[in-house]
Amino acid sequence: MGNYAMKDLKIVGDGSYPGGNYEKVAIIGNGIVSGDVTAGEGKFTGSCAVQGNASFEIFRMVGQGDIDGDLISEEVKVAGELNVKSIRSELLKIKGFLNSSGNIEVEEMNVKGGFDIKGSLNVGQLSVNLQIAPSTVTEIGGEEITIKSRGLLNRTYRLEAELIEGDSIYLEYTTAKVVRGNDIELGPGCQIGLVEYRENFENKDSKVGDAKKI
Amino acid sequence: MDETLISKKDLLEETNITYGQLYRWKRKKLIPEDWFIRKSTFTGQETFFPREKILERVNRIKELKEDLSLDELANAFSPSTKDIELSKGDFEKHNIVSKNTMQIYEEQQGTLKTITFQTALYLYILDKALETGEIGWEEGKQLTQTLSDYYPKLEQTHASVVVLRKLGVASVLLVTNASPFFVDSKTKVAVHLKIEDVINEVINVFVRSGY
C-alpha cells in the first residue's frame, strides 16, 4: 500500500479500481473502489461506490454514492443520495437523502432533505429541513437540535424517532416516543408521547401525551 | 434494579451535566461506547451506565476540562495516548516504576532514551505484575513481548492482561473485556489486570507529576 502513497486515483467513465492510500480520489461517472480507501480529498460525481471503509479529510459527492463501510472525514458535503454504514465527521452537509445502517457522529450537521438512520445520531448542532421524503431515526442526542419542514407549496414531511435528547430542542412535524432536554419548543404537527424538560417547555400547536418538569 | 448501574437521568441529575455535554463527551470518546448499556424499562428503552466508573469519569472530566481542551482530554483517556513523551531521567525521577522493572523491559526491548505514554503503560503493567510476586524475570519479559506485539492492534477496545500458570509454565493472554473467561482447576490465574484501570493510574501519575 505504501507505494500508492501520495498518488491520485482518477476514474472517468466506467471503472473499478483497488483501494489504498491516495492524495486525492476523484470519480466522474460510474466508478467503484473495491476496498478500503484513504485520501486527503474524495470527490465523487455520478454514481460511485466504495466497497469498504472510506477515510478522507474532505469528501464531496454529487449524485449517488454507496459506501459499504464507515465514512470518516473532517468535512462531508453531499448533494444527492448517500448510502453508508456509519459516518464520523466534524461537518456533515446534505442536500438530498442519507441512508445509514449504523451510527452517525458529527459536530455540525445540516440537512435539506431527509435521512433514514437505523442507528443513533449523535450531533452537536443539528439543523434539518425535512423535504423530499419522510425521515426516520432511532435516536438523536445532541446540544442544539432544530427540525423544521418548510418546503415549496407548503408541502411538509415528517420525521419519526424513538428518542430525542438535547440541550435545546425545536421540533416540527416530528413523531417521537420520548423527548428530553433543557429547553424544548414544539412547533406545528408534532406527536410526542412524553416530554421531559428541565427549564422551559413551549407547545405551539402539537399533540403531547405527557409533559413533566424534572 | 441493579445497584451497580445508574440511569442516564439520575447521572445527569447527580453530576449536574446536560444531555448535550454527555453526548459531546461520547463523540469525543471521553466516555467509552461500551459503558452505554441499553435496557428495556416500562417507559421504553433506557440507557444505563456502570455507576462507579461513570461517576468517577464524569467528575474527572469536569475537574480537568478547566485546564485542558476536550481533544487533549480525549487523548488523556484514550488507551492509545501518544502525545506524551518523557526523557528517561525524568521518568525515573518520579519513581513511577521500580529499577527492576526498567531493567527487565530494557533487556527485552532495548535501551530507552525517551518514554512515551505507551511505554509508560507497558512499564506500569509490568511493574504491577511483578509486584504481585506471582511472576518472575522471564515471565516479565514474556509479558512485555505480548504487550508490545499485540496491544497496539487492540487500539480502543478495553482489554485485560492475564497471566495463567499451569504446572509451573506461564502463559500471557491479552483479552478484551467483553466476556468473562474461565480456566480449569489446575490452572492458576497469576495476574489479572484491567488495562483501563492501569491507564487511569498512569494518567493520574502523569497529571500529578505535571504533564
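A word of caution to start. The model is predicted.

Let's begin with the sheet in chain A. It is open and has nine strands. The order runs β1-β2-β3-β4-β5-β6-β7-β8-β9, and the pairing is parallel. Which strands stand at the edges? They are β1, residues 8-17, and β9, residues 174-213, both of chain A. Each has a single partner strand, so one side of each lacks a neighbour in the sheet. From one strand to the next, the twist averages 30°.

Now to one pair, β6 and β7 of chain A. Strand β6 covers residues 104-130, and β7 covers residues 135-148. The two run parallel, joined by eleven bridges. Take S127(A) as an example. Its bridge partner in β7(A) is T146(A).

Next, chain B comes in. Its helix α2, residues 19-27, packs on the sheet. The helix touches β6, β7, β8 (159-171) and β9 of chain A. Its direction makes about 110° with that of β7(A).

On to the loops. Look between β6 and β7 of chain A, and you find I132(A). This residue is not a glycine, yet its phi is positive, about 70°.

K29(B) sits in the loop between α2 and β2 (37-41) of that chain. Phi of K29(B) is positive, near 65°, and K29(B) is a residue other than glycine. K29(B) is partly exposed, with 17 other C-beta atoms within 10 Å.

Note on methods
Residues are numbered from 1 along each chain as its sequence is written. Chains are lettered from A and ligands numbered from 1 in the order in which they are written. This is a predicted model: local features need pLDDT of at least 70, side-chain atom pairs count only at pLDDT 80 or more; totals for chains, interfaces and linings use all residues. Two strands pair if DSSP finds at least two bridges between them. Helices (H or I, at least four residues) and strands (E, at least two) are DSSP runs, numbered from the N terminus. Axes are lines fitted to C-alpha atoms, for helices over the stretch in contact, and angles run from 0 to 180 degrees between N-to-C directions. Two residues are in contact if their C-beta atoms, placed from the backbone, lie within 7 Å. A residue is buried if 20 or more other C-beta atoms lie within 10 Å of its own, exposed if 12 or fewer, and partly exposed in between; C-beta atoms are placed from the backbone.
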